[in-house]
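Okay, thanks for coming, everyone.

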Amino acid sequence: MTKEILCGKTVYDIHEMLRIHGYGVSHATQVANNLYKKRIPDIPLFRNIPGKLLRLLSSIADTGFSPPSRSEVSGDKTVKYLFTGEGGKQFETVYIPDKKRNTVCVSTQSGCRMGCPFCLTGRYGYHGDLSPGEIINQILSIPEAGRINRVVFMGMGEPMDNLGNVLKACRIITSEWGMALSPRDVTVSTVGITTGIIEFLEESDCNLTLSLYSPFAAERSRIIPAERKYPAREIIEILKHFPAGKKRRFSIAYVMIKDVSDTDSHLEELKKLLNGSDIRVNLLPYHTFSGDSANPSSEERMLHFRHSLVLSGISASIRRSRGADIGAACGLLASGLGREIN
Ligand code: SF4
């Protein structure tokens, strides 16, 4: 008999599974607590569960926890993990420790089909969507699981291209019966698929980051093909007018490439685009890879951008680069995978 995999199920899914055996929501909640709060990898070790239910669960289900097969540690203590999912598809996860925040950056797909030419994940190609269980397992099965207090969906893949599974994972991360993280501590990053973004905004309270790369549509569409169908300008208008509430944060990720995205005209257009909004800007250093002729902007230029945005009333910060030496930084995931990258 094939066993049911618990990791990735909501408390309602678990209840549905147990209901026919006479168990109620409170039993399903106890099972979810063992999975998502206590992170117990083997069902026979679950605590506070009636013996009869434990025996039943052990016979029909498995937690589905699956540890990473490889890890690499950066000089700045960032750790990159390699996971292998169903059908042998591979994906990477990054753990980023910091003074106050310990962040895990999860993948939502093996590879990606958005085809952004600057991104190694895009060049790796698309090898499949990750299930809610495969997304959640990346948080629960790394050695640092107990220290994580922030989750970002910024790993391999475009979350809006696997939205149903991403929304389910967000529910498990933020629900009281799940990991119980605040939606303020969960950020989903996208290159912008308008239909998906609207659904995400309606269905979730988590933060949203839009990767911009250029405020000019023609230029952006060369870097992010999705721009042709889903213009960033329209997405920013949606974010400007969406009632975000006090707790939810919308932001723009802006990669600073020397003489490509860091000129004065880029800065002025960026200010125009965000004028009158609460959307904040995260300025990111560009990471070069072999065969790449682009260069990162200087620190001085990044400081100038930040200063000028802040003076215009736009909240802006510079994000420090983490894990670049092990290919764990933005746009570099998949650089270490076994398959050939074109
Ligand atoms: S930048 Fe994001 S959306 Fe574009 S190819 Fe890379 S992972 Fe996919």
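**Strands, a helix and a ligand shell**

Let's start in E14, where serine 317 is the bridge partner of asparagine 282. Before I go on, this is a predicted model, so local features need pLDDT of at least 70 and side-chain atom pairs count only at pLDDT 80 or more, while totals for chains, interfaces and linings use all residues. Residues are numbered from 1 along each chain as its sequence is written. Helices (H or I, at least four residues) and strands (E, at least two) are DSSP runs, numbered from the N terminus.

So, back to the strands. E14 covers residues 316-318, and three bridges join E13 to E14, running parallel; strands pair if DSSP finds at least two bridges between them. On to E12: six bridges join E12 to E13, residues 280-285, and these two also run parallel. Isoleucine 252 stands opposite valine 281 in E13. The chain gets from E12 to E13 through H10, and this β-α-β crossover is right-handed, that is, with the strands pointing away from the viewer, the path from the first strand over the helix to the second runs clockwise.

Now H10 itself, residues 264-274. Which residues of H10 are buried? They are His266, Leu270 and Leu274, where buried takes 20 or more other C-beta atoms within 10 Å of the residue's own, exposed is 12 or fewer, partly exposed is in between, and C-beta atoms are placed from the backbone. They sit on the same side of H10, because they cover an arc of only 55° around the axis, taking the directions from the helix axis to the C-beta atoms. An α-helix has 3.6 residues a turn, so residues three or four places apart point the same way. On the other side, Asp264, Ser265 and Lys272 are exposed. What covers the buried residues includes strand E12, 250-256. Just after H10, glycine 276 takes a positive phi of about 75°.

Next stop, glycine 128 in strand E8, residues 126-129. Glycine 128 counts as partly exposed because it has 18 C-beta neighbours inside 10 Å. Skipping neighbours within four places in sequence, its contacts (C-beta atoms, placed from the backbone, within 7 Å) are Gly87, Lys89, Gln109 and Ser110.

Among the residues around it are Cys112, Cys116, Cys119, Met156 and Glu158, with C-beta atoms, placed from the backbone, within 6 Å of it. The shell divides into six nonpolar, three polar and one charged; Ala, Val, Leu, Ile, Met, Phe, Trp, Tyr, Cys and Pro count as nonpolar, Asp, Glu, Lys and Arg as charged, and the others, Gly among them, as polar.

Note on methods
Two residues are in contact if their C-beta atoms, placed from the backbone, lie within 7 Å.
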